[in-house]
Structures are given as structure tokens and as C-alpha cells.
Amino acid sequence: MLDLKVHIDPNSGFCFGVVYAIEMAEEILDEEGHLYCLGDIVHNDEEVSRLVSKGLKIIDREFLKDLKNEKVLIRAHGEPPTTYELALKNDLTLVDASCPVVLKLQNRIKNAYDRQDRIYIFGKHGHAEVEGLLGQTKHEAVVFQNIEELDLDNMPEKITLFSQTTKSTDRFYEINRILEEKGITVQTNDTICRQVSNRDKELRKFSTEFDKVVFVSGSKSSNGKALYEVCKSQNTETYFVSNAGQVKPSWFNSNQTVGICGATSTPRWLMEEVRDRLLNF
């Protein structure tokens, strides 16, 4: 026995938007036995599998086009207006679990678009939340993941800047500074969710308190990849796993301390499974 001392980060796990979506899904599944969900309800294969076993059916937009007279869950990422228009056309009942922070951002972008602002969005290309934001502007807004993507010398003199809710606040304000130094007038809208962005600072401290760190996240989670790198930067003995079976005894020595943490899309039960495996080494 390695006799490891294991601690789960109390701040890791689902953000409130994901909790809300999963609770809504489970309530309907318990009552009706099945529910359609547009896209993965959360970027974690283990949690998706658990809900699929209860009757959740993951569909894409192509499938949605032919679906009629059913209930469809809108996940926390939100959806563009075209999804709601299709629901009306196909007599679909939308169970809207869009995160309130995302809905507020969508409304602010729609208002800016109606004012004919030149809108730029700091976000990940193709991300579900970003697609919902773009839909508010009929895909006319400019999305960029890095400042290098922008042709700073040929940008409008005045822009309105937004951010995907899960982006880094530090990077957002660095981008804002660079734009202003180039003489661009920036109407800045800090639309980053602090429950998510604060995880960065919390994990920097958490990961220094242990000999080894096990970061638990789905491989599809962009938030997970970013937070894993945060942990790794503070503790080089940080390991990325998606489930308990991936944890290897060879990573550890006797009597070491191990911290377990995860992304905003990582369920608590999955981190507990990792803890239990560690305690059995």
C-alpha cells in the first residue's frame, strides 16, 4: 500500500449553469424516461454516458431539423435564434437550460448589434456558446481566439468588445490594452463568468499544496485543457485523466500527498472515483 493522503478541491466541479442543466434533465428523465438534448449536455464523456443510460438522447442540428413534437433540452451554452425559430416550426418544446450568464451576454450582443456596433468576440471558433453569440449578429461579428488573428492596422476606429464567458480575464484585458495602444476606441464589455475565471487563481494555489496533482476532465473540455495547464505550470507533477481507470500507481511514491481537481464540466462523483482508486493503491 502506498498510503497516499488524498484531498479533493472543494471549488472544483460543475459550475452553477451546468448543475442547473443536469438537474433539469434528470427531473424530466425521471418523469418521462427520455429527453432529447441538442449537443453534449456537458463536455464530459463519463457524465454524458451516465445520463444517456437514463434515457438522454444526444442529437445534432441535422437531426433536429426532422424532429417534431418532442421535448429538446437547450444546454447551458445557449443557442442562436435560429434554433428557437426551428422549434416553433416543428412543434418542439424547448427545455431551456441556458446559463443565465450566457443569456445576459446574448442580450447585450443583440442590443449592440441593433445599434450597428462593430462587434468583436474573444472566444473559441466553433464553440457552442460562441455559435449562440454569433447568431445574435447574423454571423456578422468577428470572433478571434488570439490577438494575432486580427489585422490591427486595418480594424475599425471604434469597436465593441465582448468575451466568451469562460475566457481568461487576464488575457481579455491584455487584448483590450493592445487594441487601445493601437489607437482603437474600445467599448469594453467584461462578460466573463467569475465563478469560472476565479478557478484559475484558486487552482494556482491548490496545485502547490500537494506532492502530486490529478486533474480530472473530459478531453473535449476547452475549460479543462486550460485549467490543467494552470495546474501544470504550478506543479509539474500534474496528471490529466478522464476517468479513474487512467490513474497509474507508478505515478506515486509512498506517503505522498495528492490533490484532485477538475474542470467546470467535471462531476463531483468522478473526482470521488479517482480518490477511491488512489486510496486503494
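Helix α10 (residues 268-279) has 12 residues, which at 1.5 Å a residue should span 16 Å, and the 17 Å between its end C-alpha atoms agrees with this value. The expected span is 1.5 Å times one less than the number of residues in the helix. Helices (H or I, at least four residues) and strands (E, at least two) are DSSP runs, numbered from the N terminus. The model is predicted: local features need pLDDT of at least 70, side-chain atom pairs count only at pLDDT 80 or more, and totals for chains, interfaces and linings use all residues. Residues are numbered from 1 along each chain as its sequence is written, and side-chain values use heavy atoms, with hydrogens and water left out.

Within α10, the residues Leu270, Met271, Val274 and Leu278 are buried (under 20% relative accessible area with a 1.4 Å probe and protein chains only; exposed is over 50%, partly exposed in between). These residues lie on the same side of α10, because they cover an arc of only 100° around the axis; the arc is that of the directions from the helix axis to the C-beta atoms. The buried residues of α10 pack against β1 (5-8), α2 (45-52), β10 (212-216), β11 (238-241) and β12 (257-262), where contact means heavy atoms within 4.5 Å.

In α2, the buried residues are Glu47, Val48 and Leu51. They line one face of the helix, since they fall within an arc of 100° when seen down the axis of α2. The elements covering them include α1, β3 and α10.

Pro267 is placed in the loop between β12 and α10. This residue is buried, with a relative accessible area of 1%. Not counting residues up to four places away in sequence, Pro267 touches Phe14, Asn44 and Glu47. Phe14 and Pro267 are 253 residues apart along the chain, and their C-alpha atoms are separated by 5.9 Å.

An open sheet of 4 strands, in the order β3-β2-β4-β5, shows parallel pairing; two strands pair if DSSP finds at least two bridges between them. Strands β3 (56-59) and β5 (93-96) form the edges, each pairing on one side only. On average, neighbouring strands of this sheet are turned by 35° against each other, direction ignored. Axes are lines fitted to C-alpha atoms, for helices over the stretch in contact, and angles run from 0 to 180 degrees between N-to-C directions. Strands β2 (residues 35-38) and β4 (residues 71-74) pair in the parallel sense over 2 bridges, and Cys37 has Leu73 in β4 as its bridge partner. Helix α4 (residues 81-89) packs on the sheet and touches β2, β4 and β5, its direction making about 145° with that of β5.

The largest nonpolar core contains 19 residues, and those with the most contacts inside it are Leu35, Ile41, Leu51, Leu56 and Leu73. Such a core is a set of buried Ala, Val, Leu, Ile, Met, Phe, Trp, Tyr and Cys residues joined through side-chain atoms within 4.5 Å. Two or more residues of this core are given by each of α1 (16-32), β2 and α2, and the largest share, 6 residues, comes from α1. Apart from neighbours within four places in sequence, Leu56 is in contact with Leu29, Leu35, Cys37, Ile41 and Leu51. A second, separate core of 18 residues includes Val241, Phe252, Ile260 and Leu278.

His43 lies in the loop between β2 and α2 and is buried, with a relative accessible area of 18%. Its contacts, leaving aside neighbours within four places in sequence, are Arg75, His77, His127, Gly218, Lys220, Ser221 and Ser265.
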